[in-house]
Amino acid sequence: MYDIKALYEAESVAHAVQLLLEHPEAQIIAGGSDVLVQMREGKRAGKELVSIYGLDEIRGVSLEEDGTIRIGSLTSFSHITKDPIIQAHINVLGQAVDQVGGPQIRNIGTIGGNTCNGVTSADSASTLFAWDAIIEITGPEGVRRTPIQNFYIKAGQVDLRPGELQTGILIPKASYEGYEGHYIKYAMRNAMDIATTGCSVNVKLSADKSTMEDVRIAYGVAGPIPMRAVTAEAYAKGKPTTQAEIKAFARTVLEDINPRDSWRAAKDFRQHIAVVLAERALTESIRLAGGVIHE
Ligand SMILES: Cc1cc2nc3c(=O)[nH]c(=O)nc-3n(C[C@H](O)[C@H](O)[C@H](O)COP(=O)(O)OP(=O)(O)OC[C@H]3O[C@@H](n4cnc5c(N)ncnc54)[C@H](O)[C@@H]3O)c2cc1C
């Protein structure tokens, strides 16, 4: 059923790097919820695998001394949703990954696997884009960090070089302090379906809560890879929290996004959904931040 040539089990991150260098054709397997499905479909038949699933050193969520939130790449979706650090500071990420698949997938699937498969519909990705996440990668040269926007190269391809694995996802304090956020997944079904479009918004309000000091908005399935709607973000900066400005912000996302026609949904339908989701996600983010929306 699974045509696997060999399975090498890494005992540490350094050992994983060594195994990947020794077996350059091998593929990393974490929870296996993408890899094993693809193998069973015959897409990766006869491959060698390097399993990193036993590496507890890159599992779990912690708060670093400078306030950076570190999410180990092997952390499962269900762990993230229940984690007190996530709930206290970036609850929207826990809510976003709680919309992945069903309970079994959320227990086995990892945030590292969700971002390393390079898929635009990944439920964690748009929220991580909206938080300005930093991706930590470990390889033969040591550890390097790159903004998530640079990590995604093209559909299905991320910036991982020979011998490298993703070891963590970091959210700097400046990216989350004072912000509230909301994620909306639009899918044809409520469970076990990937997003037709996903939209994640973060907002920081002025002290009197009447002005949007900063807004970040990111989409999944609005282009070949997850993306930010930067024109809309620039539009919202400094605007009052009125219905009219929220609607104008939402319409502006059309200048940034580039969804395509697919069997799942037509381009113009996705554009319509993207505008509606932007309006609703910003409205909810403002409410969570303690703001009031005026006519
Ligand atoms: C029934 C079903 C429903 C699903 N529903 C959803 C959904 O609603 N939303 C959604 O976003 N996803 C969904 N998925 C996809 C999947 O569960 C996620 O993408 C999951 O996060 C993958 O994590 P994993 O640990 O299982 O990855 P794996 O399958 O082990 O790996 C995925 C890819 O990432 C690479 N990789 C994994 N970890 C690392 C690492 N640390 N460093 C470098 N490369 C790495 C692997 O080589 C592989 O290319 C679904 C899958 C199934 C089977």
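Tyr186 is partly exposed, with a relative accessible area of 28% (buried means under 20%, exposed over 50%, partly exposed in between, with a 1.4 Å probe and protein chains only). The model is predicted, so local features need pLDDT of at least 70 and side-chain atom pairs pLDDT 80 or more, while totals for chains, interfaces and linings use all residues. Residues are numbered from 1 along each chain as its sequence is written, and side-chain values use heavy atoms, without hydrogens and water.

**Tyr186 and its surroundings**
- Tyr186 sits in strand β11 (helices, H or I of at least four residues, and strands, E of at least two, are DSSP runs numbered from the N terminus).
- Beyond its neighbours within four places in sequence, Tyr186 is in contact with Ala195, Thr196, Thr197, Phe269, Ile273 and Leu277 (contact means heavy atoms within 4.5 Å).
- Between Tyr186 and Ile273 there are 7.8 Å in space, C-alpha to C-alpha, and the two are 87 residues apart in sequence.

**Helix α13**
- Helix α13 (residues 267-288) has 22 residues and should span 32 Å at 1.5 Å a residue, which agrees with the 31 Å between its end C-alpha atoms (the expected span is 1.5 Å times one less than the number of residues).
- Its buried residues include Arg270, Ile273, Leu277 and Glu279.
- The buried residues of α13 pack against β11 (180-186), β12 (197-205), β13 (212-220) and α12 (243-252).
- After α13 comes Gly290, with a positive phi near 90°.

**Second largest pocket**
- The volume of the second largest pocket is about 420 Å³ (the space filled by probe spheres set on grid points, which are joined across faces, edges and corners).
- A pocket here is an open set of points on a 1 Å grid over the protein atoms alone, where a 1.4 Å probe fits, with protein on both sides within 12 Å along at least five of seven lines; lining residues have an atom within 4 Å of a point.
- Of the 19 lining residues, Thr120, Ser121, Val221, Arg260 and Arg270 lie nearest the centre of this pocket.
- Domain 2 (56-174) and domain 3 (180-288) both give residues to the lining, so the pocket lies between them (domain bounds come from an automatic or database domain assignment).

- Val221, in the loop between β13 and β14 (227-228), has a positive phi near 60°.
- Val221 counts as buried, at 13% relative accessibility.
- Lys209, in the loop between β12 and β13, has a positive phi near 65°.
- Lys209 is partly exposed, with a relative accessible area of 36%.
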